[in-house]
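Please look at the sequence and the structure shown below. The paragraphs that follow lead through the fold, the meeting of the chains and some individual residues.

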Amino acid sequence: MSKLAVETSSTGKKPIRPGGRKPIGQRVKEFVIDYRRQWEIQSMIIPGIIFMIIFCYIPIYGLTIAFKNYTVIDTLSSAPWVGLENFRIIMSDKYFWDAVVNTLGISFLKLGIGFVIPIILAIMIYELNSGRFKKFVQTISYLPHFLSWIVLGGMLITWFSTTGLFNQLLLSLGLISQPQNILLDAGKYWWIAVLSDIWKEAGWGTILYLAIMSKIDPTYYEAAKIDGASRLRQIWNITLPNMKSIISLNLILTVSGLLGSNLDQTLVLMNSQNRDKAEVINSYVYRMGMSQGDFSYATAVGLGVSIVSVILLVTANKITSKLNDNQSVL
Amino acid sequence: MNGKVAKEDLDSRIFDTLNIILLVICTVIIVVPLWNVIISSFSSGKALAEGGFIFWSPEFSLENYRAVFNDSSIWQAFFISVSKTTIGVVTHVFFCAMVGYGLSKKYIRGRKLYVAMGVITMFFSGGMIPTYLLIKSLGLLNSFWVYIIPALFSFYDVVILMNFFRNVPDSLEESAKIDGAGDWHIFLKIFIPLSMPAMATIALFNGVGQWNDFMTTKLYITDQSLYPLQMMLYEIIVQSQTQSMQNIGGSAVIETTTKGVQLATIVITTLPIVLIYPILQRYFISGMMLGAVKE
């Protein structure tokens, strides 16, 4: 009991020290003393730090195999350095560039359509007057987010099969005369990837916008109403400007993730017929690394993608901060 | 003046009506396909082979579910899914709360360094291959613990909990210390019970993530007895895809059977999520707010 009392009395505030820096020896000594006094609380943090060193920092160090020729018999340190050789091979790899084109194509479509829809949807939900219908719409629209891509992939395959929902609808509307499985049609894959992603995530994307909109001062709207502004005008002049910073933040995060197209989605929807249009960088890394065992090459691709992503993040942040009167969002 | 007001009213009413119509269309687009999957899973093989129904199956039957439940591997997979989710959630939340509690104290030595290390992990990672090599060298390949240990910690969750713990009044801690309680005691007996809402939010998000995760299995597990439901479903999907492509004119019977099994597995895999969804919904909005406020 007395031991506890000693500890607790000293765990409190940092001892007040007179100004100016002390000699290094004394500082180390103080550090050690403080540390001993705080052992109990430090013992809560240290496991987390050890975890991060093992599971986050060792893999970051492991990125060096991008500059090595790593084979299964090597260890991380024994593999010979090859400099930028892996990157040189990437540059002349046709399949890699196919994957880049698909990634960019799908990502830009997702950005162009998928970014705007949650904003429109959020405004529409916000403008609803009836509380019960509002809640219903929200509940339904969040639901697909909780389905895994595997489940959704299975559903899509069912919907698009020749006897499935999609063909049935088109047939009954007279838009097609012969059922056809569009998942086997490479030319339509980008749209399947984009629209299924929007179907899954659009509702979920409204949550943050709705949270921001609920904080807009209602007197703005009242004032606008007295001035005779139409509902669309109110949305344009009050709602949207109030969401500017959160929209920019979301845009930055989306842009920085442009090259990281959804791996789960691709793995479940890709088949031998649509592979040319479905392969994205992530699935290419998976295939080269995990299926073909070319670890160094796959890591080099992954590293290149991360570097480009960081550049995109910084650039997007710069551009949006210019648009937002030089206020950086990040 | 009166005319102007009336016109605005009309404009507003048109806007409302259009808005409601569009949102009804949106919900229909979400609900109908989901309903179609459920209805199809309860259809007989014959009805599935013929297709042609949207809202109601011409021939109801439980044969798909019977086929799935007769397969012992589905029970095994269900057991793996449930145990990895429960163990994973409990350990993840406890671990993150412990670290978050420690870091919420401003006076601890080395705090700046710890936080900086954590923030770096939010933006940089080694990526798929170096992580795979690490997991391999730790001997976690084909082990149940690969579902639990690498998923123990997320600095994002630590930050949320850290902010939450900081809002607990200092006086509670001080009075406990006067009574002779140590940090662990204070954490377990005072802070954990007080932080239930924040921890529930993180638990629910993490739980959905664990339940839905299939990449971990795909990357690190080849032993079929460790497959969770998601991986089982993936295997069935891939199998049926190859079959339907080879199946030009061939055995339509096999195709519809796998289709039925696939549909029933989809429903079984999703059911737990749908069941906890009402609880989930109550929490996740406040959880999102919690995450948004700190930005």
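Chain B contains 13 helices and zero strands; helices (H or I, at least four residues) and strands (E, at least two) are DSSP runs, numbered from the N terminus. Read along the sequence, the pattern of chain B is therefore α-α-α-α-α-α-α-α-α-α-α-α-α. The model is predicted, with local features needing pLDDT of at least 70 and side-chain atom pairs counting only at pLDDT 80 or more, while totals for chains, interfaces and linings use all residues. Residues are numbered from 1 along each chain as its sequence is written, chains are lettered from A and ligands numbered from 1 in the order in which they are written, and side-chain values use heavy atoms, with hydrogens and water left out.

Of the 295 residues in chain B, 51% are buried. Here buried means under 20% relative accessible area, exposed means over 50%, and partly exposed lies in between (1.4 Å probe, protein chains only). A contact is defined by heavy atoms within 4.5 Å. Among contacts in chain B between residues at least 6 apart in sequence, 69% join residues at least 24 apart.

An unreviewed UniProt entry lists "transmembrane region" for several stretches of chain B, including residues 113-132 and 144-165. UniProt positions are given in the numbering used here, feature names are shortened, and annotations may be inferred rather than shown by experiment. Residues 113-132 of chain B are 80% helix and 0% strand, and their end C-alpha atoms lie 27 Å apart. For residues 144-165 of chain B, the figures are 50% helix and 0% strand, with 32 Å between the end C-alpha atoms.

The next topic is the interface. In chain B, 97 residues are in contact with 100 residues of chain A. The two chains bury about 8,700 Å² between them, 75% of it on carbon and sulfur atoms. Buried area is the accessible area (1.4 Å probe) that two parts lose on being put together, summed over both. On the side of chain B, Tyr107(B), Arg109(B) and Ile129(B) lose the most area to chain A, together 9% of what that side buries.

Charged side chains also meet across this interface, where two salt bridges are counted between chain B and chain A. A salt bridge is a side-chain nitrogen of Lys or Arg within 4 Å of a carboxyl oxygen of Asp or Glu. Asp16(B) forms a salt bridge with Arg231(A), and the closest N and O atoms are 2.7 Å apart. Helix H1 (residues 2-41) of chain B supplies the largest share of the side that touches chain A, namely 19 residues.

Which residues of chain B does Gly48(A) touch? Leaving out residues up to four places away in sequence, Gly48(A) touches Phe95(B), Val99(B) and Phe153(B). Gly48(A) lies in helix H3 (residues 39-62) of chain A and is buried at 0% relative accessibility. Gln262(B), in helix H13 (residues 252-293) of chain B, is buried as well, with a relative accessible area of 3%. Apart from neighbours within four places in sequence, the contacts of Gln262(B) include Gly154(A), Ile157(A) and Leu233(B).

Over all chains, the whole structure has 13 salt bridges. In one of them, the side chains of Asp213(B) and Lys84(B) meet at 3.6 Å, N to O. Asp213(B) lies in the loop between helix H10 (196-212) and helix H11 (215-220) of chain B, and Lys84(B) in helix H4 (residues 72-104) of chain B, so the pair ties together parts that are 129 residues apart in sequence. Both Asp213(B) and Lys84(B) are buried.

Lys105(B) and Glu173(B) form another salt bridge, with 3.1 Å between the closest N and O atoms. This pair links distant parts of the chain, 68 residues apart: Lys105(B) is in the loop between H4 and helix H5 (111-123) of chain B, and Glu173(B) is in helix H8 (residues 170-178) of chain B. Lys105(B) is buried, with a relative accessible area of 7%, and Glu173(B) is buried at 9%. Salt bridges that share partners join Lys105(B), Glu173(B), Lys177(B) and Asp183(B) into one network.

Cys56(A) is buried, with a relative accessible area of 19%, and Cys96(B) is buried at 0% relative accessibility.
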